[in-house]
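Subject: Model handover

Hello,

Here is the structure you asked for. Please open it alongside this note.

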Amino acid sequence: MIFDTYTPQMVDVHVKTIMELIKRGKSKEQIAKQLNLHDFDELCSVAKTRLTTTKTSEDYYLTEDDLRFATNELVAQYRAKRLACDTLVDVGCGVGIQTIAFARTCKRVIAIDIDKRKIRYALENAKKVDANNIEFIHADGLKALQNLVGADIVFVDPERAPEEKVRSFDTSFRPPLRQLIDASRKLTPSIAIELPPQIQKVDLDCEKEFISVDHSLNRLTVYLGDLKRHERSAVLLPGHHELTSDGSERPLRNSGALKYMFEVDPAVAKAGLSWKLGDEHTFLYSDERDTLLTSNTLLTSTHLKARYELVDAVENKFEDILAVLMWENAGKVVLRQKLAPDKYWTERRKYESRLRGDKTLHVFVFAHEALVCRKLEHERMDEPTRVMLGRMRPKASS
Ligand SMILES: C[S@@+](CC[C@H](N)C(=O)[O-])C[C@H]1O[C@@H](n2cnc3c(N)ncnc32)[C@H](O)[C@@H]1O
């Protein structure tokens, strides 16, 4: 481990040198040979992370693997505000991004992790930003919880596999979640748990809060005990735009595509709160693959990810879609279809090689129908000049 060999200052100097050499285009092998450093792979990983991460603004110590699980700083700060208290226990603190945010809003933080290297990284990261109110414990979370007396809140961020077909509350986490909850309840009923947003079912009396960052789904935090404020909530960062369930529900009905199509922020959709963005004339347009909102009114909401004017709805056939694109003078086409990255560009080029225009159109491909749409800027509030559903147009000749 780098801190067994070097002081933090030396680590920073070596990491900076490696970053410079990477920027100059040197390969990892060339740099290794040139510098001949102990623990080179680990130093190089920290350097790569510092070059690429958008999750933190500080030059923290993080390997590429740590980065994958580390909490985005915006999310960490938001949660730290929500969970501000006197004493907070952070189980599974990793390299400490969330822990450091807690240290800014809580009087005392007790941070536990079973991984010795991560605890050391977290300690050095805390020192870097003068977070002096954290006690780090290198131990199994369940055992450490049994030895603690009194805490206001326990926050749990358990380990899970990077990817799994099905995320299950009972089998996907280390330490096991139910045991963690039982152990935490001996300290306090106020428990917050970070879970992957894809988890199938959470059968706890809790608030489920979905968080998105820049309209990408980022986190699911569940709040137990008196931390629960609602059944479901959605928080959009940056900016902290919040939507919450309030007991009333108005299920959205399905409809054909209307004048406008809307992509809902994924945190709002996951929280089942899309219906709050429209009125009784707002409908769902969906199949098992994708869901949009549709309306004849141009909706305005920070909870919408994007807004589109419908140009035409046609059968999901290449020639039919191409005909609309040609007629509309498109030159570029953004395919809104689940395709592997290599297949995506092959498909897209099939259209673009036949197009000569200068417009960019978006095509949402559903099971039986394709919606050709023009993306609207969020600021643009003017009414569209025309909607050309079902009009006559020549077929594209092949
Ligand atoms: C998802 S990561 C935490 C990320 C961290 N909250 C952050 O913001 O960077 C899960 C952590 O749980 C730790 N862990 C796994 N099993 C554990 C156990 N039995 N006791 C304590 N920590 C454990 C792992 O070492 C890992 O650091």
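Below is what turned up, from the domains down to the strands.

First, the ground rules. This is a predicted model: local features need pLDDT of at least 70, side-chain atom pairs count only at pLDDT 80 or more, and totals for chains, interfaces and linings use all residues. Residues are numbered from 1 along each chain as its sequence is written.

Domains. The assignment (automatic or from a database) gives domain 1 (2-52), domain 2 (69-244) and domain 3 (260-376). The centres of domain 1 and domain 3, taken over C-alpha atoms, are 44 Å apart.

Helices. Helices (H or I, at least four residues) and strands (E, at least two) are DSSP runs, numbered from the N terminus. H6 (residues 73-82) and H7 (residues 97-105) have axes that come within 8 Å and cross at roughly 40°. Those axes are lines fitted to C-alpha atoms over the stretch in contact, with angles from 0 to 180 degrees between N-to-C directions. Contact means C-beta atoms, placed from the backbone, within 7 Å. On the H6 side, the contact includes Glu73 and Arg79; on the H7 side, it includes Ile97 and Phe102.

Strands. Pairing requires at least two DSSP bridges. S6 (residues 207-213) and S8 (residues 232-237) run parallel, joined by six bridges. Glu209 stands opposite Ser233 in S8. S8 also pairs with S9 (residues 241-244), antiparallel, through four bridges. There, Leu236 has His241 of S9 as its bridge partner. Three residues lie between the strands of this S8 and S9 hairpin, and Gly239 takes a positive phi near 105°.

Best wishes

Key:
Two residues are in contact if their C-beta atoms, placed from the backbone, lie within 7 Å.
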